[in-house]
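My notes follow in the order I made them.

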Amino acid sequence: MGFPGAGQRGRFIGRDTVLCMSLAGRPGQFGSRFHNHLYEQLGMDWAYKAFTTADLPAAIAGLRAFGIRGCAVSMPFKEACIPLLDGLAPSAAAIGSVNTIVNDDGVLTGHNTDYAAIAPLLAKHGVPPTTRFAARGSGGMGKAVVSALRDAGFRDGTVVARNEAAGRALADSCGYRWSAEPVAAPLLVNITPIGMAGGAEAEALAFPEAMIEAAEAVFDVVHLPPETPLLRRARALGKVVITGVEVAVLQALEQFVLYTGQRPTEAQVDAAAAYARGESAR
């Protein structure tokens with residue numbers, strides 16, 4: 001059978017094909033296209049497919065029962081999956097959030113590759129740790145981003161979250177302030193679904209326009225669409241912009257390494273990322 005997302009020709013999926021997957025409330029195509037393109041480039045008999053579920057325990061049990069090698073985890077499952085796993089790697093245990101599950105002969109271990117992507121991107125775009133920030137969001141991805149900011153040396157920040165209990169808990173654990181409403185800062189970070197395609201707030205700005213105008217840099221972890229309303233406005237104002245697509249590439253690369261034990265070349269990663277963004281065709 002052919003497999004969509006692995007190049008225009010498709011590939012044969014057979015008995016010995018190793019399977020990986022993702023679980024998300026709103027499945028997208030980025031991960032499937034990225035991973036499958038790398039499998040094809042490297043001549044690997046592997047395949048990757050995106051899913052959603054209304055029964056998370058059954059889905060996690062399915063990973064074990066069917067020998068699925070790896071599973072990417074997105075909202076709203078990053079914290080809910082933890083009790084269903086056999087253990088957590090340090091990257092996930094430290095922040096209480098999982099975005100990657102690795103299956104080693106039926107033993108399921110949770111990892112977090114979102115965390116690893118944040119500091120390199122901030123450094124790449126020249127945002128120093130002395131920058132004061134406001135980060136909106138306190139869910140699973142929020143924990144990864146805010147913890148990464150703390151560990152990268154960012155000392156002055158505010159966690160913005162309507163849920164006071166979750167927001168205060170995250171802020172307190174990382175040594176930051178909490179606010180129920182957005183606050184101005186030189187670095188604005190959106191870690192909520194605001195601006196996500198298909199969502200109730202797809203056309204909304206995560207921060208008021210005046211705050212965007214006053215900021216120096218804007219970071220939106222939403223990667224679908226690649227240009228959210230927040231990013232479009234920040235770019236139009238000439239701000240430093242860090243995109244969710246950049247996060248998606250780095251975290252997906254580390255997932256690929258965890259699943260396969262192979263690290264592709266930079267050129268192979270660039271080609272897979274371009275294909276995942278729909279910028280190239282085979």
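**Charged pairs**

I began with Arg15 and Asp16, whose side chains form a salt bridge at 3.5 Å, N to O. The model is a predicted one. Both partners, Arg15 and Asp16, are exposed. For Asp16 I noted a relative accessible area of 54%, and I placed Asp16 in the segment before β1 (18–23).

I then counted the salt bridges in the whole structure and got 12. As a reminder to myself, side chains of opposite charge can pair when their charged atoms come close.

The next pair I looked up was Asp86 and Arg64, which form a salt bridge at 2.6 Å, N to O. Asp86 sits in the loop between β3 and β4 and Arg64 in helix α2 (residues 56–66), so this pair ties together parts 22 residues apart in sequence. Asp86 is partly exposed at 47% relative accessible area. Arg64 is also partly exposed, at 32%.

I went on to Asp114 and Lys78, a salt bridge whose closest N and O atoms are 2.7 Å apart. Here the pair links distant parts of the chain, 36 residues apart: Asp114 belongs to helix α4 (residues 113–124) and Lys78 to the loop between β3 and β4. Are these two buried or exposed? I found both Asp114 and Lys78 buried.

I checked Lys239, in the loop between α8 (229–236) and β12 (240–242). The side chain of Lys239 does reach the backbone oxygen of Glu213, at 2.6 Å. Leaving out residues up to four places away in sequence, Lys239 touches Ile212, Glu213, Ala214, Ala215, Glu216 and Ala234.

**Strands**

I traced an open sheet of 6 strands, in the order β2-β1-β3-β5-β6-β4, with mixed pairing. Its edge strands are β2 (46–51) and β4 (87–88), each of which pairs on one side only. Within this order I looked at β3 (residues 70–73) and β5 (residues 100–104), which run antiparallel and are joined by 3 bridges. In that pairing Cys71 stands opposite Ile101 of β5.

I turned next to strand β7 (residues 133–136), which pairs with β8 (residues 157–160) in the parallel sense over 4 bridges. Arg136 stands opposite Val160 in β8. In a regular strand the side chains alternate between the two faces of the sheet. I checked both sides of β7 for cover: Phe133 and Ala135 on one side are buried, and so are Ala134 and Arg136 on the other.

**Helix α9**

I took the length of α9 (residues 244–260): 17 residues, reaching 24 Å from the first C-alpha to the last, close to the 24 Å expected at 1.5 Å a residue. Of the 17 residues of α9, 13 are buried, so the helix is largely enclosed by the rest of the structure. After α9 comes Gly261, with a positive phi near 75°.

I looked for cis peptide bonds and noted one between Met75 and Pro76, with omega about 5°. Pro76 is in the loop between β3 and β4, the loop where I had also placed Lys78 and Asp86. I noted another cis bond from Leu224 to Pro225, with omega near 10°. Pro225 lies in the loop between β11 (217–220) and α8.

My last entry is Asp105, in the loop between β5 and β6 (107–111). Its phi is near 50°, a positive value in a residue other than glycine. Asp105 is exposed, with a relative accessible area of 83%.

How values were computed
Residues are numbered from 1 along each chain as its sequence is written. This is a predicted model: local features need pLDDT of at least 70, side-chain atom pairs count only at pLDDT 80 or more; totals for chains, interfaces and linings use all residues. Side-chain values use heavy atoms; hydrogens and water are left out. Helices (H or I, at least four residues) and strands (E, at least two) are DSSP runs, numbered from the N terminus. A polar contact is a pair of N or O atoms within 3.5 Å; within protein, one must be able to donate a hydrogen and the other to accept it, and residues adjacent in sequence count only if both atoms are side-chain atoms. Contact means heavy atoms within 4.5 Å. Buried means under 20% relative accessible area, exposed over 50%, partly exposed in between (1.4 Å probe, protein chains only). The expected span of a helix is 1.5 Å times one less than its number of residues. Two strands pair if DSSP finds at least two bridges between them. A salt bridge is a side-chain nitrogen of Lys or Arg within 4 Å of a carboxyl oxygen of Asp or Glu.
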